[in-house]
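Have the structure open as you read.

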Amino acid sequence: MNARKILLLGIDGCRLSITGEEGIAPHLSRMRVAGRLHGMTMVPPTLSGPGWASILTGSTHVQHGVTGNDFIGHRLYSRPDLLSRAFYADHSTTTFAAAGWPPLIDPNGLGPVIHQRLEQQWAGQHRVIARDGETHGYVRVDAEIADYATAMLAGSQAADVSFVYFCDVDETGHLYGLMGEEYRQAIGRVDAHAGRIAAAIEQRAAEHGEDWLVVIVTDHGHVDAGGHGGDTPEECASFVITWSPAGQDRLPDWPDEIAPHELCELILDVRS
């Protein structure tokens with residue numbers, strides 16, 4: 001059997017307990033029940049820049065140098081991301097990344113955390129979908145990201161290692177806080193995107209005999225009124241859900257608590 005295919009699904013600023021409320025996120029709840037849940041505590045400042053840099057590169061804040069969302073002084077060029085490291089370990093690996101927050105993925109932005117790897121793009125081994133949710137809004141842009149991800153999965157050759165990112169939940173938390181219906185509706189929208197992606201993976205696994213692992217993670221929490229960056233338990237709270245269409249027997253034996261900079265290494269171990 002070929003090496004396992006991996007999809008890392010990032011949901012920015014998502015509070016796990018709200019996804020578990022009745023009827024809010026049926027697809028995420030299904031994957032959580034059928035999969036495994038691991039704790040993760042983010043390191044302050046609980047901002048998206050340092051959080052995703054640690055998750056995606058397997059580096060501490062000191063190592064990657066990202067201390068805020070301005071990315072000033074970052075050392076990301078010397079800290080290759082998950083997709084790059086998977087390719088460097090095996091040059092036959094194909095990779096895919098799709099995100100609407102420009103610092104994660106856009107070479108014209110403040111990062112990017114995901115390396116361009118132009119030679120692999122030209123060779124058809126690395127595909128990058130960069131959209132600008134800051135300008136066009138994340139409701140629209142997240143839907144586009146989901147379209148691109150499901151189209152990739154419906155193709156003849158789905159990427160071996162992928163990163164797909166949604167930011168609607170975090171943006172809504174900032175605008176409206178977490179206690180009203182708006183935040184729950186945003187989780188519902190992203191949950192629908194996740195459900196489409198999961199269904200496409202289940203179909204691939206059934207039709208092509210592929211062995212898949214989906215890893216779902218968030219980069220920080222929020223205070224009830226909306227906002228983050230501090231060191232409160234609500235802001236530091238993250239989680240990791242692992243799910244496979246083949247069932248729990250195909251899930252890796254990861255620890256109950258995972259540090260942000262450890263996740264990348266754990267995923268790469270699954271590929272080796």
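Which residue just after H10 takes a positive phi? Gly177 does, at about 80°.

Before going further, some ground rules. This is a predicted model, where local features need pLDDT of at least 70 and side-chain atom pairs count only at pLDDT 80 or more, while totals for chains, interfaces and linings use all residues. Residues are numbered from 1 along each chain as its sequence is written, and side-chain values use heavy atoms, with hydrogens and water left out.

**The whole protein**

There are 13 helices and seven strands here; helices (H or I, at least four residues) and strands (E, at least two) are DSSP runs, numbered from the N terminus. The radius of gyration is 17 Å, which agrees with the value near 19 Å that a compact globule of 272 residues would have. That radius is taken over C-alpha atoms, and the globule rule is 2.2 Å times the number of residues to the power 0.38. Along the principal axes, the C-alpha atoms fill a box of roughly 50 × 45 × 35 Å.

Buried residues account for 55% of the 272, where buried means under 20% relative accessible area, exposed over 50% and partly exposed in between (1.4 Å probe, protein chains only). Take the contacts (heavy atoms within 4.5 Å) between residues at least 6 apart in sequence: 72% of them join residues at least 24 apart.

**Helix H11 and its partners**

H11 (residues 181-208) meets both H10 (residues 168-176) and H2 (residues 26-34). The axes are lines fitted to C-alpha atoms, for helices over the stretch in contact, with angles running from 0 to 180 degrees between N-to-C directions.

| Helix pair | Axes come within | Crossing angle |
|---|---|---|
| H10 and H11 | 9 Å | roughly 175° |
| H2 and H11 | 7 Å | roughly 50° |

So H10 is roughly antiparallel to H11, and H2 and H11 are oblique to each other. For reference, angles under 35 degrees count as roughly parallel, over 145 as roughly antiparallel, 65 to 115 as roughly perpendicular and the rest as oblique.

On the H10 side, the contact uses Asp168, Val169, Thr172, Gly173 and Tyr176, and among the H11 residues are Tyr183, Ala186 and Val190. In the other pair, Pro26, His27, Leu28, Arg30 and Met31 of H2 meet H11 residues including Asp191, Ala194 and Ala198.

H10 also has buried residues: Asp168, Val169, Asp170, Thr172 and Gly173. They pack against strand S1 (5-11), helix H9 (138-154), strand S5 (161-166) and H11.

**Asp191 up close**

Asp191 sits in H11 and counts as buried, at 2% relative accessibility. Setting aside neighbours within four places in sequence, Asp191 is in contact with Ala25, Pro26, His27 and Leu28. Asp191 and Ile11 are 180 residues apart in sequence, yet their C-alpha atoms are 9.5 Å apart in space.

**An enclosed helix**

How many of the ten residues of H3 are buried? Ten of the ten, so H3 (residues 48-57) is largely enclosed by the rest of the structure. After H3 comes Gly58, with a positive phi near 70°.
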